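Let's take a friendly walk through this model together. Please have the sequence and the coordinates open as you read.

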Amino acid sequence: MKTLKFEHHLAELIREGKKTSTWRLYDDKDLSVNDEVELLDKVDPAKPETWQRIGVARIDSVIQKRLGDIEPDEFDRQEQFSSQKQMLETYQHYYGPQVNAGAAVKIIHFTLESEVGRSSDTVDDKSTYITELKLYADGGSRGNPGPSASGYVLMQNDGTVLVKKSLYLGVTTNNQAEYQALKLGLEEAARMHVRRVQVFMDSLLVVNQMRGTFKIKNRDLWPIHTAITELLPQFEQVTFTHVPRELNKLADDAVNEALDNALKH
């Protein structure tokens with residue numbers, strides 16, 4: 001699920017129902033109408049471990065304009081810009097001095113559908129009551145780089161498998177496929193509103209990089225590592241454990257099933 005992060009004072013306005021829009025430059029998430037997004041409260045922006053989940057919102061409208069084309073009477077009261085100069089200075093503070101009047105901004109309006117601690121009337125999902133799961137994730141490449149797939153399994157502590165999924169990725173590397181499996185599994189756990197996740201992988205590289213023990217020397221892995229790191233504040237706790245391949249068989253099977261199905265066509 002895509003995420004939108006807010007400063008704490010803005011997150012409080014969302015919780016109070018006083019803020020239902022946000023202006024975003026450089027929309028790398030490619031947000032559009034009807035997308036469901038996770039809203040995060042950056043309690044202390046410098047400490048991701050303090051970030052809290054506000055809830056899930058649905059995007060109602062997306063309007064894109066150049067900053068210089070926005071008239072003063074269009075300044076949303078929720079953004080609280082008193083002038084175009086203040087608006088530019090604010091975005092230069094967040095995005096850098098390269099921001100000018102020609103920069104494109106998306107004005108995104110959303111409706112908060114469910115909040116942490118509240119049950120949405122439209123949600124009837126037993127997974128809401130599951131607080132802790134085990135995530136087994138694996139990725140494989142036949143050729144490295146070559147045809148690749150990711151697979152993951154979410155199970156309860158008693159071994160009951162709740163989710164087993166795989167995805168063919170096309171041509172990529174083994175390490176990228178391993179990381180994709182982790183990302184996909186954590187996104188699924190977040191959709192299930194799980195609070196604590198125990199991750200098990202047979203990739204010592206990924207486990208130690210997520211723990212911070214190994215540095216990430218391959219720049220191609222930086223973007224997905226960052227994307228996974230941004231998912232972590234949605235949980236109370238995520239642990240990473242290395243296991244031998246024979247203890248990761250379900251996820252490995254899912255990878256091979258996806259590769260076999262893709263390559264036989």
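The paragraphs below go from the sheet to its helices, and then to some side chains.

First, some housekeeping. This is a predicted model, in which local features need pLDDT of at least 70 and side-chain atom pairs count only at pLDDT 80 or more, while totals for chains, interfaces and linings use all residues. Residues are numbered from 1 along each chain as its sequence is written, and side-chain values use heavy atoms, leaving out hydrogens and water.

Let's begin with the sheet. An open sheet is built from 5 strands in the order 8-7-6-9-10, with mixed pairing. Strands here are DSSP runs of E with at least two residues, helices are runs of H or I with at least four, and both are numbered from the N terminus; two strands pair if DSSP finds at least two bridges between them. Strand 8 (161-172) and strand 10 (237-242) are the edge strands, each pairing on one side only. From one strand to the next, the twist averages 20°. Angles run from 0 to 180 degrees between N-to-C directions, with axes fitted to C-alpha atoms, for helices over the stretch in contact.

Helix 3 (residues 174-191) packs on this sheet, touching strand 6 (132-141), strand 7, strand 8, strand 9 (196-201) and strand 10; contact means heavy atoms within 4.5 Å. The direction of helix 3 makes about 155° with that of strand 6. Helix 6 (residues 249-263) lies across strand 6, strand 7 and strand 8, at about 140° to strand 7.

Now zoom in on strand 8 and its neighbour. Strand 7 (residues 146-155) pairs with strand 8 in the antiparallel sense over 10 bridges, and M155 has V161 of strand 8 as its bridge partner. Strand 8 also holds T172, which is buried, with a relative accessible area of 13% (buried means under 20%, exposed over 50%, partly exposed in between, using a 1.4 Å probe and protein chains only). Leaving aside residues up to four places away in sequence, T172 touches S141, P145, G146 and S148.

How do the rings of Y136 and F200 sit relative to each other? Their centres are 4.9 Å apart and their planes at 20°, so the pair is stacked. Rings of Phe, Tyr and Trp (its six-membered ring) pair if their centres lie within 6.5 Å; planes under 30 degrees apart count as stacked, over 60 as edge-to-face and the rest as tilted. Because Y136 lies in strand 6 and F200 in strand 9, the pair ties together parts 64 residues apart in sequence. Y136 counts as buried at 15% relative accessibility, and F200 counts as buried at 12%.
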